[in-house]
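Have the structure open while you read.

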Amino acid sequence: MSGAQEFEKVLDQSDTSVASFDHHSERTWIQSAQHYLHGNPAAVPLIVLILSIAGFGLIVGDKFFSAFSLTLILQQVAIVGIVGAAQTLVILTAGIDLSVGAIMVLSSVVMGKFVFHYGVPVPLAILCGLAVGTLCGFINGFLVARIKLPPFIVTLGTWQIFLAANFLYSANETVRAQDIEATAPLLQFFGSNFRIGTAVFTFGVIAMVLLVALLWYVLNHTAWGRHVYAIGDDPDAAELSGVRTERMLISVYTLSGLICALAGWALIGRIGSVSPTAGQFANIESITAVVIGGISLFGGRGSIMGMMFGALIVGVFSLGLRLVGTDPQWTYLLIGVLIIAAVAIDQWIRKVSK
Amino acid sequence: MTGEPLLTARGLVKRYGRVTALDNADFDLMPNEILAVIGDNGAGKSTLIKAISGAITPDEGTIKLMGQDVRFTSPLEARAAGIETVYQNLALSPALSIADNMFLGREIRKKGPLGQWFRMLDRNAMRTVARQKLSELGLMTIQNIDQAVETLSGGQRQGVAVARAAAFGSRVVILDEPTAALGVKESRRVLELMLDVKRRGLPIVLISHNMPHVFEVADRIHIHRLGKRIAVVRPKEISMSDAVAIMTGAMKPPEHSLAA
């Protein structure tokens, strides 16, 4: 040690293991669990999901634990799962998107209106709907990234704006399911299903699973995905490391808008008609799925797989408790408990560094 | 120190409203030296460093890197020119792994269609390089390069940040208060790391308030006061208290001190 300060001379005799990386030997099993969960944020919701399926399977029996019922849950959570994917992207950047449901409904209304009012060919009308959703997302992103307004405020505002635009534009009219079936069946594409034994899969379910798988890949194996996490983690650090945060945020919100528009298309398949009053709670439901899925509302942590498990947990509880025959309020009560427990676990996992 | 300076700045001016942070400041960095920049709070040394690292663009003045005029409008541009900065807050993403952090903003993609069309990252290549760079600096016994940075101690994080700068800085490494948040042992480690980096031929600009550290590792000391460089001294030729006296204005800088 050359040229050390006088007071540092004693360091020669001190412990030299300054910067070794791991201390595996000293960990208790609780610490090991904490480290495991830190590295695998989707594990908690997956365990809860498996336990709740097993639990309801034991209590309710075959009526619940059948291919038909389990795939019914998938169908019921498909929309929330798709919107939840959009919400995941935004929340990973430490933002929040309250306007997801409004973008979804507005996009579906545009698709319906373009076909039935303007006589636009169906594929083109669908593209227009997707474009409107993308534009809505871009507006959110621009206000958040460029004008630097808080995401909560921006999307609280655009939620009202998009929803009002939806009611004004549609004149509160519903396009009936029979009309769509007769002239524009492509709009209901995601509602059509196929069977494997007693299991029923809609294309909406397939879309959700594929979308989540695709985004999982993008988030974990591309630079763009890593930058989403980095921005949510510490935007200043990301910027100084060479991440173009402004551009990234705009792209995240824009993509979120596109995914919501896709959910709007899937929504037509799910409910059959184009209704401006549908999907009112999609924003709260998607945030619930994200939080129960172990994704941190403070950004930068969590897996999109967890979001899907979170949505499925809600679906399992809804159907399971309905089959048990309890008051549906018990579902909300239990989901409330799950949300608080999920955030408590998130806080605990974060302490791994201390 | 002989030869041409590697990085020079002449007449830098930066105003924030009515405050003049840089008032005709000059700066010279020689090849293969450790240049310390000291100055009282508000002397404008961090503005000077920001101008060199691209975080701000000066209102007036010129910056030359290896004789070429350069004008940085973002840290990315300075980085592309080979100037790497370790900021005081380290600029690491706590939840990302060591390897991810080292390559943040300059990821390596897989070759062939996987990388070109699916934009897939080459995780193995990044891990290998990260591990190699850390051990090249004799930095640490790495067991898990995929460990999140937030699970590291302060000294280890500093190590990762310095290793990242040394690994990618091809011309200059700037360290802003690298030992300010560290304990005695960890500071020692970072100082040795700096000497390692210098031995590998990279010049370092060190901003620090810690006079003993500055006097130990610096080849020359740039003293900043009231927005400009008022003296450049050699630690062997001046006492710590004199340097502090010049820095605070208690003493006039020695004659021809700018030529040092």
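Predicted model: local features only at pLDDT ≥ 70, side-chain atom pairs only at ≥ 80, totals over all residues.

1. Start with the open sheet in chain B: six strands, in the order S6-S7-S8-S3-S9-S10, with mixed pairing. At its edges sit S6 (83-86) and S10 (228-233) of chain B, each pairing on one side only. From one strand to the next, the twist averages 20 degrees.

2. Within that sheet, have a look at S3 (residues 34-39) and S9 (residues 220-225) of chain B, which run parallel and are joined by five bridges. B:Val37 has B:His222 in S9(B) as its bridge partner. Helix H9 of chain B (residues 240-248) lies across S3, S9 and S10 of chain B, and runs at about 30 degrees to S9(B).

3. Next, the hairpin. S1 (residues 7-16) and S2 (residues 19-29) of chain B pair antiparallel over eight bridges, with B:Arg15 opposite B:Thr20 in S2(B). Two residues lie between the strands, and B:Gly17 has a positive phi near 60 degrees.

4. Which strand does S1(B) join through five bridges, running antiparallel? That is S4 of chain B (residues 60-65). Here B:Arg10 stands opposite B:Thr62 in S4(B).

5. Over in chain A, find A:Ala164 in helix H6 (residues 151-170). Is A:Ala164 buried or exposed? A:Ala164 counts as exposed because 12 other C-beta atoms lie within 10 Å, and the cut-off for exposed is 12 or fewer. Its C-alpha atom is separated by 36 Å from that of A:Glu239, 75 residues apart along the chain.

Key: Residues numbered from 1 in each chain as written. Chains lettered and ligands numbered in written order. Helix = DSSP H or I, 4+ residues; strand = E, 2+ residues; numbered from the N terminus. Buried ≥ 20, exposed ≤ 12 C-beta atoms within 10 Å, placed from the backbone. Pairing = 2+ DSSP bridges. Axes fitted to C-alpha atoms, helices over the stretch in contact; angles between N-to-C directions. Contact = placed C-beta atoms within 7 Å.
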